[in-house]
Amino acid sequence: MSSFNRIHSFKQRATHVGSPRFSRKSWVSRFFCTLIAIGSLVSFLLAIGCGYVYVLPNLTHALHDHEYRFSNSNGSAYACDVFDGNWVLDDSYPLYNASECPFVEQGFNCLGNGRMDEDYLKWRWKPKYCDIPRVNVQHVLETLRNKRVVFVGDSMSRSQWESLICLLMTGVEDKESVYEVNDNVITKQIRFLGVRFSSFNFTVEFYRSVFLVQHNWAPRNAPKRVRSTLLLDRLDDISEEWIDSDVLVFNSGQWWVPGKLFGTGCYFQVGESLKLGMTIATAFRTALQTWASWVDSMINPEKTQIFFRTFEPSHWRNLTLRQCNVTKLPLPEIEGKDLSPFSDAVFEVVNGMMAPVTVLHVTPMSAFRSDAHVGTWSDRPSLSDCSHWCLPGVPDIWNEIVISYLLGEYRPASK
């Protein structure tokens, strides 16, 4: 029966009914209809509420974790995006002397390798609407007492690891009480490095995992050009070592380039299937999804604070020819270097996670710092380097931000 006929039939019945008995039935019927309507409305509102509580935060936390909310003197709260700002000169920098820190590898100590200008050491990151407090090293040392801080990633992660150790060592009187747990010298090849602050019973560790997922030999019967594969659905086999940590900082991206993948015969694999036609962008996102599933299932967010640092832009004039132009001052314009498909993928994947992950969106702020790269001031001066950063330098600012998140110490911008 059409909707029109149903309405017409109801009207016909209504015009012939007038007895008290029918009126009572009609009232009861309307009463139950009203209850059903109210019940439906309540159920709908509960569903919306649950969706807000359980779904919306997971969809938005990656985008808003970099906004720290604080109250001003009248009690009103507002947000500060710590990654929206600019670099300002500050003569109180640098935060440490690399030549006095035994955990800075020689290749990152630019002053020790002959760089003459020191202007690149004097820049502080200033968010527009708040300040990143100067690190109180003693307070940080006490906060980290009995804990594990773990960095996982590529050489950029290793430089951030070195930076944090050197920063914290400035507050330790007995420098001999800080040591690498296996007596290792800091080199690029070692997969695990751990520095123990014995007076405070905590470690700052680095695990070299440039892709985050497993890198294996090529499967049998693979084409000759395939020498190895990235198993995109399996996290790195050292991932069990990351679980019982208190602070966990990830990064990846620098190795996801054709030269370090296809140029070396490395292709992608999911399960038993080779993905020879898969793009790097798709593979990177797939690997991140594997990482995200692992974090959601294996990391206890009540114990571990999780960070993922976005892509760090390089400043090559010509990467093919290894031509590197280290400027004297930061760039006035970043000319698109604040954008990265790797950073976009991090946000997209983290948005869908259950675990709270703070995205350290360092891409835009690092894009200005063409003056802060190693250049020819490394342990191999014949090779220019516009990817890695001098220490002290840009990675110190990343650590200042991490520490501010850990301590919740952002304050309103100074006037």
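Is Val-247 buried or exposed, and what is its relative accessible area? Val-247 is buried, with a relative accessible area of 4%, where buried stands for under 20% relative accessible area, exposed for over 50% and partly exposed for the range in between, as judged with a 1.4 Å probe on protein chains only. The model is a predicted one, in which local features need pLDDT of at least 70 and side-chain atom pairs count only at pLDDT 80 or more, while totals for chains, interfaces and linings use all residues. Residues are numbered from 1 along each chain as its sequence is written, and side-chain values use heavy atoms, with hydrogens and water left out.

Val-247 belongs to strand β12, which covers residues 247-251; strands (E, at least two residues) and helices (H or I, at least four) are DSSP runs numbered from the N terminus. When neighbours within four places in sequence are left aside, Val-247 is in contact with Arg-148, Val-149, Val-150, Thr-304, Gln-305, Phe-307 and Leu-406, contact being defined as heavy atoms within 4.5 Å.

A disulfide is taken to be a pair of cysteine sulfur atoms within 2.5 Å, and by this rule the count comes to four. With bonded cysteines counted along the chain, the disulfides follow the pattern 1-4, 2-5, 3-8, 6-7. One of them joins Cys-80 to Cys-130, with an S to S distance of 1.9 Å. Cys-80 lies in strand β2 (residues 77-81) and Cys-130 in strand β5 (residues 130-131), so this pair ties together parts that are 50 residues apart in sequence. The torsion about the S-S bond of Cys-80 and Cys-130 is about -60°, and the disulfide is therefore left-handed. Cys-80 is buried at a relative accessible area of 0%, and Cys-130 likewise counts as buried at 0%.

A disulfide is also formed by Cys-110 and Cys-390, whose sulfur atoms are 2.0 Å apart. Cys-110 is placed in the loop between β3 (85-89) and β4 (123-127) and Cys-390 in the loop between α7 (363-367) and α8 (394-407), so the pair ties together parts that are 280 residues apart in sequence. Its S-S torsion is about -90°, so this disulfide is left-handed, and both Cys-110 and Cys-390 are buried.

In the disulfide of Cys-324 and Cys-386, the sulfur atoms are 2.0 Å apart. The torsion about this S-S bond is about 75°, so the disulfide is right-handed. Cys-324 is buried, with a relative accessible area of 17%, and Cys-386 is buried at 0%.

Helix α4 (residues 155-169) and α8 have axes that come within 9 Å and cross at roughly 70°, the axes being lines fitted to C-alpha atoms over the stretch in contact and the angles running from 0 to 180 degrees between N-to-C directions. The contact is made by Met-156, Ser-159, Gln-160, Ser-163, Leu-164 and Leu-167 of α4 and by Pro-395, Asp-396, Trp-398, Asn-399, Val-402 and Ile-403 of α8.
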